[in-house]
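Open the structure in your viewer and keep the selection tool at hand. This tour goes stop by stop: what to select, then what is there.

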Amino acid sequence: MFILICISADFDPVHKGHEKLIKEARKIADEESKKVVVYLNKGFSANHAPFFTDFEARSRMALALGADEVKSFEGLHHRLVLSYSVPIRLNQMIEDGGTDYITSASISLDEIAKKAQKFIDEGNFVGMPKNYTNRNEIRWYALNEFLGSKLKFHIVKELDKDKYSGRLIRQSIIDNDYTITPEIKKLLPKSTVEILEEEITKNNVNLDRNWADIYKRMNTYSRGNLSKIAYLNGETVNQIIKKRVYSNPESVWAAFRRSDYGPVMTRLAISAIEMNVSKKEVMDLMKSYESKGVIPPMQNVSRVIERAWYVSGKIDEGMSAREANEKFRNGNIKVDDAPLNIHAGLNLTRFETKIMSEGLDCDLYIDKNNKISVQLKSEGKKIKTNLRLPAREVTYLRYIMDSHFIPVKGITEKGKKGYKINVQIA
């Protein structure tokens, strides 16, 4: 049976705006003998946060309003930003037999298509401008077109976003001691109110993070171990170390504000800490979808590495990082010589040199003085030291280490003039 995809990603909870979406999908589906399937995020929301109501409750809400079936997207939103998770979700819907995609927006399909064209032309979907109205819908449309998907788009005029807001509905319920006020009930379908009240009675709402694990990792992990976690760059790791001890959510959020992380990236980074998501785990996930042609080529791991090498070379020549990044993005520049191994010198004391040996694994990190450093253990002794590298390689390696998802590791090697670190990228 053909499927009409109806998706609003979270439905947390399902309000009358979602009800309108499902009813419009139902109308089209009945006319074309298709099926309405709602895809819901499971585990973490598209905004990388825990849900207010769990997957089962949100599924019941969608089915009560006329959906034929509910499917889940799992394991994505504590590992990936939207520019990577959207093509993966599109691919899943198409593999399931999807033919249509329906969503709500305040602008027309023509306007969405016009704004999406820039990203389709560039083939790069990272950094959708914040001032774009309905930018998530623009991203979905652009990726669908770029990847040659066959989903036909339908746009339903959305209800007042300031009024029909899941965030405000959730906050009202919390602020009113988990009571759904008459004003909020007007925004919700009757079936949603009934299911929500059941969930509140069962104390099964406002699902929280595992703060104990978050505090433990932020309070005890070394710089080297924190640097392995996805979405933590060198500056953020140092800010985390600087303000230990963490014992409440506000102190955790403050660490990321000091690092100039916005709310969305902060939620993703906290989710990565909570689930102990490594950069290698994220990279391997991306590569698995790259091999299927799901990830846009400009977002492939290899292109991120190539960009870092190109930009570092241009900076070495005196160009600004901003200009170099623009040239790379707009010029479709091919880079063939980006190194995946760098041999770095060490600043060792005489004692450290005596106890060093070959083949030791090393953790790389950015020290409190903003220098690329390495930590290892030899003969039971901990050694920490800065790496010695040419200027271009320092810039390149720093770009890689701050990429959020490309892992680096080091292995000790003995050369003619002493020990070095073989830095291995990706």
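**Stop 1: colour by confidence**

This is a predicted model, so begin with pLDDT, the predictor's confidence in each residue. The chain average is 93. A score of at least 70 is reached by 99% of the residues. Now select residues 3-9, strand S1. Among the elements of the chain, S1 has the lowest mean pLDDT, 73. Then select residues 211-220, helix H9. H9 has the highest mean, 98. Where pLDDT is low, the predicted coordinates should not be read in detail.

**Stop 2: backbone details**

Select proline 13, in the loop between S1 and helix H1 (16-31). Look at the bond that joins aspartate 12 to proline 13. This peptide bond is cis, with omega near -5°.

Move on to serine 33, in the loop between H1 and strand S2 (35-42). Serine 33 is not a glycine, although its phi is positive, at about 55°. Is serine 33 buried or exposed? Its relative accessible area is 60%, so serine 33 is exposed.

Now jump to alanine 426, in the segment after strand S11 (418-425). Alanine 426 is not a glycine either, yet it has a positive phi of about 60°. With 38% relative accessibility, alanine 426 is partly exposed.

**Stop 3: helices H2 and H8**

Select residues 55-64 for helix H2 and residues 190-201 for helix H8. Their axes come within 9 Å and cross at roughly 160°. Angles over 145 degrees count as roughly antiparallel, so H2 is roughly antiparallel to H8. The crossing is right-handed. Show side chains at the contact. From H2 come Ala57, Arg60, Met61 and Ala64. From H8 come Ser191, Thr192, Ile195, Leu196, Glu198 and Glu199. By class, the contact of H2 with H8 has five nonpolar, two polar and three charged residues.

**Stop 4: helices H4 and H5**

Next, select residues 109-122 for helix H4 and residues 135-146 for helix H5. These helices pack at an angle of about 65°, with axes 8 Å apart. The crossing of H4 and H5 is right-handed. H4 brings Leu109, Ile112, Ala113, Lys115, Ala116, Phe119 and Ile120 to the contact. H5 brings Glu137, Ile138, Tyr141, Ala142, Glu145 and Phe146. Which classes of residues make up the contact of H4 with H5? It has 10 nonpolar, no polar and three charged residues.

**Stop 5: helices H12 and H13**

Select residues 249-258, helix H12, with residues 263-274, helix H13. The two axes come within 10 Å and cross at roughly 120°. H12 and H13 are therefore oblique to each other. H12 passes H13 in a right-handed crossing. On the H12 side, pick Val252, Trp253 and Phe256. They meet Pro263, Thr266, Arg267, Ala269, Ile270 and Ile273 in H13. The contact of H12 with H13 divides into seven nonpolar residues, one polar and one charged.

**Stop 6: arginine 303**

Zoom in on arginine 303, in helix H15 (residues 301-316). Its relative accessible area is 10%. Buried means under 20%, so arginine 303 is buried. What does arginine 303 contact, leaving aside neighbours within four places in sequence? Show Pro297, Met298, Phe328, Asn332, Ile333, Lys334 and Val335.

**Stop 7: lysine 327**

Select lysine 327, in helix H16 (residues 321-331). At 37% relative accessibility, lysine 327 is partly exposed. Not counting residues up to four places away in sequence, lysine 327 touches Tyr310, Met319 and Ile333.

**Stop 8: aspartate 363**

Finish at aspartate 363, in strand S7 (residues 361-366). Aspartate 363 is buried, with a relative accessible area of 18%.

Notes. Residues are numbered from 1 along each chain as its sequence is written. This is a predicted model: local features need pLDDT of at least 70, side-chain atom pairs count only at pLDDT 80 or more; totals for chains, interfaces and linings use all residues. Side-chain values use heavy atoms; hydrogens and water are left out. pLDDT is the predictor's confidence in each residue, from 0 to 100. Helices (H or I, at least four residues) and strands (E, at least two) are DSSP runs, numbered from the N terminus. Axes are lines fitted to C-alpha atoms, for helices over the stretch in contact, and angles run from 0 to 180 degrees between N-to-C directions. Angles under 35 degrees count as roughly parallel, over 145 as roughly antiparallel, 65 to 115 as roughly perpendicular and the rest as oblique. A crossing is left-handed if the near helix is turned anticlockwise from the far one by less than a right angle, and right-handed if clockwise. Contact means heavy atoms within 4.5 Å. Ala, Val, Leu, Ile, Met, Phe, Trp, Tyr, Cys and Pro count as nonpolar, Asp, Glu, Lys and Arg as charged, and the others, Gly among them, as polar. Buried means under 20% relative accessible area, exposed over 50%, partly exposed in between (1.4 Å probe, protein chains only).
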